[in-house]
Amino acid sequence: MKIVILAAGIGSRLGNPFPKPLTPLKNGKSIMQMQTDNIASRYDIDDINVVVGFKKDLIMERFPELTYVYNQFFDTTNTSKSLLKALKKHKDKSVLWFNGDVVFDEKLFDVLAPSINANQSFVAVNTSKVADEEVKYTLKNGFIDELSKTVKNGLGEAVGINFISSNDIQKFINRLEDCGDNDYFERGLELAIEKDHLQIKALDISKYNCMEIDFIEDLENANNML
């Protein structure tokens, strides 16, 4: 399995003059330092690939031991194209990927591991709240059906941690290529579900702390849970 962190975006809503994954937390670590520490507690750090773009040198200098993929079109494309660049490197592997702005509890891997070991594609979800700004989902026959910010009557939120099995990755790559430049990678998952009948599990991680940092309020809430 390979691991991808999506860290190419500008993250303008938080207002930092530096990449959002480098945002400091009250425990003295950056968001990305927490991510990599948590990942390294369970997996080989050599398997981490980071997609960079905006002020990439700041991230690469801070984490020189990681492997990097550069999205040179970071200012005109969205996460569908950043993820596509990383997945093309690992077409025969399963891939676990994280949005670069997610603060999460290391114990969350206890929930993820069984599905990873079973090579079952999933989207990690939080069913305890559904906010307008977040990516929401619905189910059909027990698997993800719709997955976007515009979903009506969503059952919960996608938290920015996802897994594509080696059995499904090529179809997902094809659908990411079909996505528009401004599409989120979730659109690629929706297309693969609709057109290729991929079965993507909604994996409930609600009992563990996990938060995407989009706004100052999110950062305050994340610091409160540390």
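**View 1. His197 in the loop between α6 (185-196) and β10 (201-204)****.** His197 sits in the loop that links α6 (185-196) to β10 (201-204); helices (H or I, at least four residues) and strands (E, at least two) are DSSP runs, numbered from the N terminus. This is a predicted model, in which local features need pLDDT of at least 70 and side-chain atom pairs count only at pLDDT 80 or more, while totals for chains, interfaces and linings use all residues. Residues are numbered from 1 along each chain as its sequence is written, and side-chain values use heavy atoms, with hydrogens and water left out. His197 is not a glycine, yet has a positive phi of about 60°. Most residues other than glycine have a negative phi. With a relative accessible area of 63%, His197 is exposed (buried means under 20% relative accessible area, exposed over 50%, partly exposed in between; 1.4 Å probe, protein chains only).

**View 2. Asn119 in the loop between α4 and β6 (122-126)****.** Asn119 also is not a glycine and has a positive phi, of about 55°. Its relative accessibility is 24%, so Asn119 counts as partly exposed.

View 3. The buried residues are Ile31, Met32, Met34, Gln35, Thr36, Asn38 and Ile39. Their cover includes the strands β1 (2-7), β2 (48-52), β4 (95-99) and β5 (102-104). Helices α2 (56-62) and α4 (109-117) are also included in that cover.

**View 4. The crossing of α3 (residues 79-87) and α5 (residues 169-178)****.** The two helix axes come within 9 Å and cross at roughly 140°; axes are lines fitted to C-alpha atoms, for helices over the stretch in contact, and angles run from 0 to 180 degrees between N-to-C directions. That angle makes α3 oblique to α5 (under 35 degrees counts as roughly parallel, over 145 as roughly antiparallel, 65 to 115 as roughly perpendicular and the rest as oblique). From α3, the contact is made by Ser80, Lys81, Leu83, Leu84 and Leu87; from α5, by Ile169, Phe172, Ile173, Leu176 and Glu177. Contact means heavy atoms within 4.5 Å.

**View 5. Thr77 in the loop between β3 (67-70) and α3****.** At 15% relative accessibility, Thr77 is classed as buried. Its side chain makes a polar contact of 3.0 Å with the side chain of Asn71 (a polar contact is a pair of N or O atoms within 3.5 Å; within protein, one must be able to donate a hydrogen and the other to accept it, and residues adjacent in sequence count only if both atoms are side-chain atoms). A polar atom of the Thr77 side chain also lies 2.8 Å from the backbone oxygen of Phe73. Neighbours within four places in sequence aside, Thr77 is in contact with Asn71 and Asp181.

**View 6. Asp218 in helix α7 (residues 216-225)****.** Asp218 counts as buried, at 15% relative accessibility. A polar atom of its side chain lies 2.9 Å from the backbone nitrogen of Phe215. Not counting residues up to four places away in sequence, Asp218 touches Met211, Glu212 and Ile213.

**View 7. Lys93 in the loop between α3 and β4****.** Lys93 counts as partly exposed, at 31% relative accessibility. Residues up to four places away in sequence not counted, Lys93 touches Lys2, Ser166 and Ile169.
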